[in-house]
Structure formats: structure tokens, C-alpha cells
Amino acid sequence: MTRTDNNAHARAVLDGTTYAVLATADADGRPWATPVWFAHDHLDRLYWLSWPGSRHSQFIERRPEVALTVFDTAAVPNEGTAFYATAQARQCPDAQLDAGLSVLNKRLLAQGIGELTRERVTGESRLRLYVAEISEAWVLDQDAEVDQRAPVPR
């Protein structure tokens, strides 16, 4: 029996999906979840655009530990795939901004949206680029008969 390559499976889920559910929490641990359009840098980082005044951005500022779920919302029950991760999130540091924009722009162009410049995410602009550095990752185990997670080697 051939086993699913969980690393390849995780990349396929990320490549085939455009929104991640970002789970954050305030300083007291009260949860908040929000969808974000994302681009991924292999299985190491996810990037997205956000306003620093949004609830999830404010929570990240105070508590950078996040969880992410990426899944196909159109999948039929028991036929879905999903990617799960824990990560450290933050506003993308200036030293990483060009690399992050490159990842983001590759996906924007592939989806026919157009490119973002550094000026759109710095200075007086309302948006900022955020990054989640993935600590651990899992996929919905395609080889299991029950709903369980399988670790993704990286």
C-alpha cells in the first residue's frame, strides 16, 4: 500500500486554496478567528495583508502565537483535505519585506490580481504585510479511516 507523502500533500493544499483561517487570542486567551488571503513560502511561512488596527492584528501584536487552518470549503464531507499549523506571527520586518512581497506578488500575479509595491505596505498606507513563521504543521491524514492529523515533515 502506498502512503501519502504528507509534505507534498500539504503543499498541494496550500497551492490550491487562497484563504487561511487565522486563529489568534487576546492577552487573556479569548480566541478570535478570521479568514485571510495568503501566499506561502514553501511550508515555512505564510504571508497576508492586514490593517494593523484590525482585531487579529492587534492580538498578534500582544500575543504572536497563532494557529492556521487551510481547507477547501467546497469539499464534500469526508472527502476534504486540510493543512493545520502553529506559528509565530508578526508584522513583516523591514529586512524581510522584499522577500515577502516577492512571495505575495507571485501568487497575486498567478491569480490575475496584479502586483503590490513596497509603497502599498509602508509609510502612510493602511495595509501592512504580515508573516507567520510556521513551527509545526499537520495535514488531514489521507490514509486514515477516521478524522485524524498527520505531521508534515519539513
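**View A. Ser 50 and Ser 57 meet through their side chains, in a polar contact of 2.9 Å.** A polar contact here is an N or O pair within 3.5 Å; within protein, one atom must be able to donate a hydrogen and the other to accept it, and residues adjacent in sequence count only if both atoms are side-chain atoms. What you're looking at is a predicted model, with pLDDT of at least 70 needed for local features and 80 or more for side-chain atom pairs, while totals for chains, interfaces and linings use all residues. Residues are numbered from 1 along each chain as its sequence is written, and side-chain values use heavy atoms, with hydrogens and water left out. Ser 50 also has a side-chain polar contact with Ser 54, at 3.3 Å. Ser 50 is part of strand β4; strands are DSSP E runs of at least two residues, helices are H or I runs of at least four, and numbering goes from the N terminus. Ser 50 counts as buried because its relative accessibility is 5%; the cut-offs are under 20% for buried, over 50% for exposed and partly exposed in between, with a 1.4 Å probe and protein chains only. Leaving aside neighbours within four places in sequence, the contacts of Ser 50 (heavy atoms within 4.5 Å) include Arg 126, Leu 127, Arg 128 and Tyr 130.

**View B. Trp 48 and Tyr 130 form a stacked aromatic pair.** Rings of Phe, Tyr and Trp (its six-membered ring) pair if their centres lie within 6.5 Å; planes under 30 degrees apart are stacked, over 60 edge-to-face, and the rest tilted. That rule gives a count of one aromatic pair. For Trp 48 and Tyr 130, the centres are 5.9 Å apart and the planes make an angle of 15°. Trp 48 sits in β4 and Tyr 130 in β7, so the pair ties together parts that are 82 residues apart in sequence. Both Trp 48 and Tyr 130 are buried.

**View C. Here is the largest nonpolar core, with 25 residues.** A core is a set of buried Ala, Val, Leu, Ile, Met, Phe, Trp, Tyr and Cys residues joined through side-chain atoms within 4.5 Å. Ala 20, Leu 22, Trp 48, Leu 68, Val 70 and Phe 83 have the most contacts inside it. At least two residues each come from α1 (6–15), β1 (19–25), β4 (45–50), β5 (65–71), β6 (82–91) and β7 (128–140). The top contributor is β7, with five residues. Another core, of 13 residues, lies apart from this one and includes Val 103, Leu 108, Leu 129 and Val 131.

**View D. His 40 and Asp 15 are joined through their side chains by a polar contact of 2.7 Å.** The side chain of His 40 also reaches the backbone oxygen of His 42, at 2.9 Å. His 40 belongs to strand β3 (residues 39–41) and counts as buried because its relative accessibility is 17%. Beyond four places in sequence, His 40 is in contact with Leu 14, Asp 15, Arg 45, Leu 46 and Val 103.

**View E. Helix α3 covers residues 94–110.** At 1.5 Å times one less than the number of residues, the 17 residues of α3 should span 24 Å, and the 25 Å between its end C-alpha atoms agrees. Buried residues of α3 include Gln 96, Asn 105 and Arg 107. As a group, the buried residues of α3 pack against α1, β2 (31–37), β3, β4, β6 and β7. Leu 108, also in α3, is buried, with a relative accessible area of 7%. Not counting residues up to four places away in sequence, Leu 108 touches Trp 37, Ile 113, Gly 114 and Leu 116. Just after α3, Gly 112 takes a positive phi of about 75°.

**View F. Phe 38 sits in the loop between β2 and β3.** Phe 38 counts as buried because its relative accessibility is 0%. Beyond four places in sequence, Phe 38 has contacts that include Tyr 19, Ala 20, Trp 48, Val 70 and Arg 107.

**View G. Strand β1 pairs with β2 and with β5.** Pairing takes at least two DSSP bridges between the strands. Seven bridges link β1 and β2, which run antiparallel, and Val 21 has Pro 35 of β2 as its bridge partner. Five residues lie between the strands of this hairpin, where Gly 29 takes a positive phi near 90°. The pairing of β1 with β5 is antiparallel too, over four bridges, with Leu 22 opposite Leu 68 of β5.
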